[in-house]
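Come along and check each entry against the picture.

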Amino acid sequence: MKQIESLYRIERALRDTGLDSREFVDQRREQVQPVLTKFKSWLEKKANTIPPQSALGKAVNYSLNQWEYLVHYLDLPELTPDNNAAERAIRPFVLGRKNWLFSGSPAGAESSSAMYSLIETAKANGLDPHSYLLNLFEKAPLAESEKAWAGR
């Protein structure tokens with residue numbers, strides 16, 4: 001937990017510095033790589049000493065199997081060491097899951113999920129969902145092709 005905590009401490013400190021993207025990535029890599037190296041070493045040692053079917057064993061093996069994807073965040077300043085933003089975005093869907101059982105049909109459920117996707121995408125991009133959908137539904141029928149729509 002201390003190693004993971006240090007990743008977040010480094011991330012917070014770097015985000016507060018106002019570095020440009022390139023400097024941020026360089027500083028992040030320089031400061032985080034030793035922590036990740038130590039953490040991976042710990043995971044590899046644990047993988048050899050704990051039963052793989054235990055809860056901890058499954059977590060350790062999952063972390064090692066996903067390692068190459070985990071470290072990709074070091075290269076892109078927009079990424080964080082977790083998926084909290086995505087988790088927050090899907091939370092309303094998880095909470096409303098029981099309500100969607102009554103969509104009427106698979107097509108109704110698919111339509112609802114497309115609509116929720118549009119709303120959450122608008123929010124994620126700092127747009128007012130109501131205005132975005134209004135604009136979309138007013139202009140989309142006038143598009144003659146996907147290419148024409150992309151330019152609007």
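**Entry 1: before starting**

I reminded myself that this is a predicted model. I also noted that two packed helices are described by the angle between their axes and the distance between the axes.

**Entry 2: α1 and α2**

I began with this pair and looked up its geometry. The axes of α1 and α2 are 10 Å apart, and the packing angle is about 175°. Angles over 145 degrees count as roughly antiparallel, so α1 is roughly antiparallel to α2.

Next I wanted to know which residues make the contact between them. On the α1 side I found Gln3, Ile4, Ser6, Leu7, Ile10, Glu11, Leu14 and Arg15. On the α2 side I found Phe24, Gln27, Arg28, Gln31, Val32, Val35, Leu36, Lys38 and Phe39. I then sorted the contact of α1 with α2 by class, which gave nine nonpolar, four polar and four charged residues.

**Entry 3: the largest nonpolar core**

Which residues touch the most other members of the largest nonpolar core? I found that Leu7, Val32 and Leu36 do, in a core of 14 residues. Helices α1 and α2 each supply at least two residues of this core. The largest share comes from α2, with six residues.

Leaving out residues up to four places away in sequence, Leu36 touches Leu7, Trp67, Leu70, Val71 and Leu74.

**Entry 4: Arg28**

Is Arg28 buried or exposed? Its relative accessibility is 0%, so I wrote it down as buried.

I then listed the neighbours of Arg28, setting aside those within four places in sequence. They are Glu11, Leu14, Arg15, Gln33, Tyr73, Leu74, Leu76, Pro77, Leu79 and Thr80.

**Entry 5: α2 and α3**

I followed α2 to another partner, helix α3, which runs over residues 55–65. These two helices pack at about 130°, with 9 Å between their axes. The pair α2 and α3 is therefore oblique. I noted the crossing of α2 past α3 as left-handed.

Where do they meet? Lys40, Leu43, Glu44, Lys46 and Ala47 in α2 come together with Val60, Asn61, Ser63 and Leu64 in α3. The contact of α2 with α3 divides into four nonpolar, two polar and three charged residues.

**Entry 6: α7 and α8**

I moved along to helix α7 (residues 106–124) and helix α8 (residues 129–139). Their axes lie 9 Å apart, at an angle of about 120°. That makes α7 oblique to α8. The crossing of α7 past α8 is right-handed.

From α7, the residues in the contact are Met115, Leu118, Ile119, Ala122 and Lys123. They meet Pro129, Tyr132, Leu133, Leu136 and Phe137 of α8. By class, I counted nine nonpolar residues, no polar ones and one charged one in the contact of α7 with α8.

**Entry 7: two residues of α7**

I finished with two single residues. Glu120 lies in α7. I marked Glu120 as buried because its relative accessibility is 16%, and buried means under 20%. Not counting residues up to four places away in sequence, Glu120 touches Ala89, Pro92 and Phe93.

Ala124 is also in helix α7. Is Ala124 buried or exposed? With a relative accessible area of 66%, Ala124 is exposed.

Terms used. Residues numbered from 1 in each chain as written. Predicted model: local features only at pLDDT ≥ 70, side-chain atom pairs only at ≥ 80, totals over all residues. Heavy atoms only, no water. Axes fitted to C-alpha atoms, helices over the stretch in contact; angles between N-to-C directions. Helix = DSSP H or I, 4+ residues; strand = E, 2+ residues; numbered from the N terminus. Parallel < 35°, antiparallel > 145°, perpendicular 65-115°, else oblique. Left-handed = near helix turned anticlockwise from the far one by under 90°. Contact = heavy atoms within 4.5 Å. Nonpolar A, V, L, I, M, F, W, Y, C, P; charged D, E, K, R; others polar. Buried < 20%, exposed > 50% of the residue type's maximum accessible area, 1.4 Å probe, protein only. Core = buried A, V, L, I, M, F, W, Y, C linked by side-chain atoms within 4.5 Å.
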